[in-house]
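I opened this model to jot down a few things worth looking up. Here are my notes, in the order I took them.

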Amino acid sequence: MDYTAKLDTALNRLHEEGRYRTFIDIERRKGQFPRAVWRRPDGTESEITVWCGNDYLGMGQQPEVLAAMHEALDATGAGSGGTRNISGTTVYHKRLEAEIADLHGTEAALLFTSAYIANDATLSTLPLLFPGLIIVSDELNHASMIQGIRHGNCEKRIFRHNDLDHLREILEGLDPAAPKVIAFESIYSMDGDFGPIEEICDLADEFGALTYIDEVHAVGMYGPRGGGVTERDGLAHRIDIINGTLGKAYGVVGGYIAASAKMVDAIRSYAPGFIFTTSLPPAIAAGAAASISHLKNNHFLRERHQAQARVLKARLKGMGLPIFDHGSHIVPVLVGDPVKCKMISDKLLEDHGIYVQPINFPTVPRGTERLRFTPSPVHGPDEMDRLIRGLDDLWGQCALSRSAQTA
Ligand SMILES: *Cc1c(COP(=O)(O)O)cnc(C)c1O
């Protein structure tokens with residue numbers, strides 16, 4: 001067996017389809033976000049501005065977060081030293097779980113090493129807890145939810161994105177006696193649109209289903225204390241399982257679910273993705289807890305974040321660029337051509353010191369290739385001016401239309 005040839009075949013397939021991924025090597029500069037140093041493959045470096053990061057609020061350089069991490073690191077060392085069950089549960093983990101449960105107003109919360117793992121481990125474990133479970137899932141759910149549903153090996157149904165009629169039609173066709181979960185997101189990260197949370201909760205009530213929401217792109221950023229869109233809209237109590245990340249707006253790493261004490265107890269006891277892996281380092285848990293706590297009391301930062309997104313959208317629309325505007329903090333600019341999308345991204349980086357990753361198929365459908373900007377409170381007016389000038393220049397160079405049409 002020629003294993004190397006098989007690897008070549010697999011990699012060549014990606015190259016042929018234009019799907020081969022190259023990573024841009026950057027090093028962020030603490031205290032100077034969103035500035036970073038870009039290291040080219042030839043070893044040369046230059047300063048750039050990051051416009052596509054998910055550290056939405058700049059919490060990765062927040063002094064209280066760093067102080068909490070330093071303190072825990074000096075107090076307890078590098079790693080946790082074990083799985084949660086075997087010597088890896090510390091006061092830092094317990095404190096963070098309490099902080100998360102308080103954030104969402106739930107009885108309990110459960111930490112995972114990432115929100116990806118939290119989705120995968122939880123969704124794949126639910127069928128063990130509810131035999132005969134049917135998971136009804138939005139077609140645009142994140143890869144981690146799709147993987148979790150697959151790994152659960154239970155019956156699944158996919159409803160068209162945000163289509164409540166289709167969801168109802170599916171629910172009506174299911175055995176009324178079967179246990180069901182409706183799985184969806186509060187903000188879909190590629191279009192920046194919101195899920196119809198209240199209406200989905202109504203359908204869940206009507207058909208006796210549990211609700212599972214991914215709030216990864218909302219926690220820290222929406223709601224009076226950062227509890228996400230479910231907090232903003234007063235709907236958290238209607239959700240059975242809330243999934244969130246500590247790696248995006250909270251600026252650290254890790255993931256979680258927040259739910260009833262019994263649900264958390266059951267997932268904790270049955271999910272291999274929780275049980276058989278080393279727990280997060282205490283310093284990470286300490287930093288994440290400090291970040292959540294800080295953002296509970298800093299609504300100003302959330303308002304500045306939203307204001308930045310509004311300003312950027314208004315300026316892009318003013319230039320006639322086609323953007324998706326669903327009123328969230330995510331600013332996708334439609335290019336609609338994979339080659340031009342990559343070219344604009346390359347030129348922004350090389351000629352303007354602006355880093356925005358092109359988003360092509362299969363992350364988004366063909367023909368909707370886009371640049372996805374994530375303005376934050378740490379982006380200054382000069383940086384925004386430079387972005388606008390750079391995009392204006394390249395839009396002309398690529399002969400792209402300025403339809404001013406918004407989604
Ligand atoms: C990034 C992302 C995740 C995974 O979060 P991590 O903590 O980075 O693993 C889950 N769901 C959605 C919608 C995401 O965009």
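**Entry 1: strand β16**

I began with strand β16, residues 370–373. Helices and strands here are DSSP runs (helices H or I with at least four residues, strands E with at least two), numbered from the N terminus. Which way do the side chains of β16 point? Arg370 and Arg372 point one way, Leu371 and Phe373 point the other way, and all are buried. Buried means under 20% relative accessible area, exposed means over 50%, and partly exposed lies in between, with a 1.4 Å probe and protein chains only. In general, side chains in a regular strand alternate between the two faces of the sheet.

I noted the provenance here too: this is a predicted model, local features need pLDDT of at least 70, side-chain atom pairs count only at pLDDT 80 or more, and totals for chains, interfaces and linings use all residues. Residues are numbered from 1 along each chain as its sequence is written, and side-chain values use heavy atoms, with hydrogens and water left out.

Next I looked up the partners of β16. Strand β13 (residues 331–334) pairs with β16 in the antiparallel sense over four bridges; two strands pair if DSSP finds at least two bridges between them. Strand β15 (residues 358–359) also runs antiparallel to β16, joined by two bridges. Arginine 370 of β16 stands opposite leucine 334, and isoleucine 359 stands opposite arginine 370 as well.

**Entry 2: strand β7**

How many residues of β7 are buried? I found six of the six in this strand (residues 180–185), so β7 is largely enclosed by the rest of the structure. Lys180, Ile182 and Phe184 are buried on one side, and Val181, Ala183 and Glu185 are buried on the other.

I then followed the pairing of β7. Strand β5 (residues 134–138) pairs with β7 in the parallel sense over four bridges, and strand β10 (residues 210–214) pairs with β7, also parallel, over five bridges.

**Entry 3: the four-stranded sheet**

I traced an open sheet of four strands with mixed pairing, in the order β1-β2-β3-β14. Why do β1 and β14 each have a side without a neighbour in the sheet? β1 (25–28) and β14 (354–355) stand at the edges with a single partner strand each, so one side of each is left without a neighbour. β1 pairs with strand β2 (residues 35–39) in the antiparallel sense over four bridges. Glutamate 27 stands opposite valine 37 in β2.

**Entry 4: around the ligand**

Which residues come nearest to the ligand? Of the 13 residues around the ligand, they are Ala115, Asp214, His217, Thr245 and Lys248; a residue is near if one of its heavy atoms lies within 4 Å. α4 gives the most to this shell, with three residues. By class I logged three nonpolar, seven polar and three charged residues; Ala, Val, Leu, Ile, Met, Phe, Trp, Tyr, Cys and Pro count as nonpolar, Asp, Glu, Lys and Arg as charged, and the others, Gly among them, as polar.

Then I looked up atom distances. A ligand oxygen atom is 2.5 Å from an N or O atom in the side chain of histidine 217. The protein covers 83% of the 380 Å² of accessible area that the ligand has on its own (Shrake-Rupley method, 1.4 Å probe; for residues, only the protein chains shown count as cover). A polar backbone atom of alanine 115 is 2.9 Å from an oxygen atom of the ligand, and a polar side-chain atom of serine 114 lies 3.4 Å from a ligand oxygen atom.

I stayed with serine 114, which is found in the loop between β4 (108–112) and α4 (115–129). A polar atom of the serine 114 side chain lies 3.0 Å from the backbone nitrogen of isoleucine 117. Serine 114 also touches Gly254 and Gly255, not counting residues up to four places away in sequence; contact means heavy atoms within 4.5 Å.

**Entry 5: serine 291**

Is serine 291 buried or exposed? I logged serine 291 as buried, at 0% relative accessibility. Serine 291 lies in helix α11 (residues 282–296) and, leaving aside neighbours within four places in sequence, is in contact with Met59, Val65 and Tyr250.

Notes: A polar contact is a pair of N or O atoms within 3.5 Å; within protein, one must be able to donate a hydrogen and the other to accept it, and residues adjacent in sequence count only if both atoms are side-chain atoms.
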